[in-house]
Amino acid sequence: MRIEEVLLVAIVVAPALVGAALLGARVVRISSSNAGWLGAAVLAVMAVVSWPVVVSGVSVGTPFVAGSELGLAAGGPAVLLLPTMLVVATLVLTVATSEPETSEPRFTGLMLLFTSAAALTVLATSLPALLVGWELMGVASYALIGYRWADPRRVGSGATAFLTTRGADLGLYLATAAALAGGTDLSLDSLAGMDGGWRDVAAAGVLVAGLGKAAQLPFSFWLARAMDGPSPASALLHSAAMVALGGYLLVRLSPLLEGTSWAGATTSWVGVTTAVLLGCVAIAQTDLKQLLAASTAAQLGFVVLAAGVGATAAGTTHLVAHAAVKSLLFLAAGAWLHALGTKRLFALTGALRLWPALGALSGAGLLALSGLPPLSLWATKDAVLAGVREESLPLYLCALLASALSVAYALVALVILARPRRPRHDIGLDEEQPGTRAVDARVPIALAPLALAGVVLGLLTLPQVLDRVPGRIPVAPSTSELVVSSALVVLVAVGTGTWVLRRWDRCDEQASASSPVTGLLGSWLHLERAAHTLIVRPTLRTAAAAARVDDRIIAGAASGAARLTIRAARSVARLDDRALSGAVARTASGTLRAAGSSARGDASIAGVVQGVARGARRGGRAVRRTSSSGQLHRYYLQLVGSLLVVLVLVSVVVLIESSR
């Protein structure tokens with residue numbers, strides 16, 4: 001068996017096993033001070049070994065259900081995305097060790113399980129493997145967003161994110177059902193070759209699942225609630241994984257979308273609409289993490305747009321560059337929250353000046369986020385725009401507007417964070433938690449590689465790199481087109497940013513949010529309210545009506561049948577006591593006297609039987625406690641444990657089969 005194949009399996013299995021062990025920290029008895037460093041070390045090793053894996057393009061697999069294969073392959077977009085994700089996860093866990101809460105074994109274990117699931121999602125070559133990774137990733141994200149379980153709002157935010165993405169995930173099961181009906185082998189590459197309407201059904205399912213995970217319209221609101229999770233969790237979930245993997249799914253299956261008459265165009269327009277509207281939402285935010293969250297959905301809109309027009313190579317490079325930049329900014333926001341006790345932009349005025357190293361790195365990240373030349377997102381975004389320009393002029397013009405908005409919201413954040421603090425410099429501080437007024441030295445050290453990546457990852461758009469990523473490589477625009485488009489973007493961005501900053505100067509934060517338009521954008525277009533009105537409340541009313549029917553009709557009928565059964569049983573019991581028991585007793589007495597010696601031998605057998613019965617009874621009680629509690633976290637804990645067992649067993653089978 002080749003060493004690359006072993007390493008490929010280890011990238012998925014090793015973080016899962018260590019994460020599961022850390023979740024049982026009371027058993028392994030590891031301290032909080034060591035758990036975070038152990039997790040970072042495991043991911044650092046996986047990041048190093050991922051390079052020979054993606055260079056070799058190795059793949060492994062084993063037969064699975066319905067004639068399909070449970071396989072992994074380090075090819076396609078995974079060539080760039082897998083090392084990026086592992087490096088980002090390593091740096092995030094390194095920063096997490098600087099705070100007691102996020103260095104706990106439970107947090108580290110959940111982050112490792114999440115990273116393992118994300119790696120499985122990226123490497124999967126078939127729908128069964130993809131579904132296992134997709135499910136584990138969703139469960140781990142729920143636990144991470146609601147990590148502070150004593151706070152009902154944070155737990156509710158985790159539930160909102162989980163249920164929203166879970167509803168969209170049903171599309172992936174719809175695509176799997178369509179692939180089975182279409183007679184494919186369930187490999188991802190075979191989906192585009194299906195005939196008839198099943199290909200359209202599969203494309204619809206994949207599109208819904210990808211848009212839900214990528215926080216695209218109309219699912220974007222869950223990302224706002226996900227900001228209640230710890231900052232290191234946000235830095236990983238909403239930069240290099242989770243949200244990013246929604247875009248990855250659409251890029252990976254772009255041939256399926258293009259193979260239909262409608263899915264490619266629909267994907268493109270949803271992506272560009274999200275990029276424009278969520279760009280406006282980002283400009284209106286007064287909370288730094290909310291601004292970064294809205295900009296994440298907007299930037300993923302460019303990736304979705306690239307998937308729709310078939311510019312998958314450009315979309316992959318933008319996904320990778322955005323992961324580095326956004327993880328840097330989320331970690332910086334977390335550092336300021338820890339030091340100053342707030343995420344509000346109004347209170348963070350001048351934060352870039354307080355700690356020069358952190359300020360310089362964060363400033364570089366904001367400049368890269370704006371997409372200004374020659375930084376990374378400028379090059380990758382222009383590659384996407386070049387692909388869009390070849391397909392549709394209206395799409396291209398909308399994408400230019402989205403680019404201008406990205407300059408505007410990054411400029412607003414940069415100016416507010418860099419300008420001198422007001423005379424009352426303590427206004428708004430410590431409103432969320434007591435600030436320490438210090439930034440741990442580990443934070444800028446871990447952020448330095450991400451800032452460097454934000455500056456130089458534009459090199460990914462060089463032909464020598466793009467040739468390694470499957471997909472159409474767009475023709476670069478002419479110099480005159482670049483000048484005109486860049487001038488338009490800068491003019492719109494500067495005008496928008498100036499208008500927003502003047503509003504900040506003329507009035508305080510509360511007044512700036514008083515206008516209807518600002519209120520609409522600040523509340524993320526009221527998407528969550530619309531979801532509650534159109535989906536949640538009707539569902540709850542339907543469930544309440546069904547419960548009343550169950551209580552008044554079904555339960556009454558069941559109780560009546562039970563009463564009749566009890567009466568019949570009592571009649572049979574009286575007959576048994578009066579007529580049959582005496583005869584049986586007399587016969588048994590004679591039999592026992594004749595078999596006295598054998599009875600003593602049977603007593604030991606009876607003892608064994610009774611012992612087995614007691615064990616079965618205890619096991620039944622344990623199962624009943626776990627299966628009838630009605631608590632979702634118990635069910636999903638069992639699900640995670642079962643999937644981990646399946647993952648380990650399948651990995652062992654893969655290794656055995658590959659060694660033959």
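Guide: Twelve salt bridges are present in this structure, a salt bridge being a side-chain nitrogen of Lys or Arg within 4 Å of a carboxyl oxygen of Asp or Glu. The model is predicted: local features need pLDDT of at least 70, side-chain atom pairs count only at pLDDT 80 or more, and totals for chains, interfaces and linings use all residues. Residues are numbered from 1 along each chain as its sequence is written, and side-chain values use heavy atoms, with hydrogens and water left out.

Visitor: Which residue forms a salt bridge with Asp 151?

Guide: Side chains of opposite charge can pair when their charged atoms come close. Here Arg 154 pairs with Asp 151, with 3.2 Å between the closest N and O atoms. Arg 154 is partly exposed at 21% relative accessible area, where buried means under 20%, exposed over 50% and partly exposed in between (1.4 Å probe, protein chains only).

Visitor: What parts does the pair of Arg 252 and Asp 189 tie together?

Guide: Arg 252 and Asp 189 meet in a salt bridge at 3.1 Å, N to O. Arg 252 lies in helix 11 and Asp 189 in the loop between helix 7 and helix 8, so the pair ties together parts 63 residues apart in sequence. Helices are DSSP runs (H or I, at least four residues), numbered from the N terminus. Arg 252 is buried at 17%, whereas Asp 189 is exposed at 62%.

Visitor: Which residues are linked in a network of salt bridges?

Guide: Asp 287, Lys 343 and Glu 432 form that network. Within it, Glu 432 and Lys 343 meet at 2.7 Å, N to O.

Note on methods: Helices (H or I, at least four residues) and strands (E, at least two) are DSSP runs, numbered from the N terminus.
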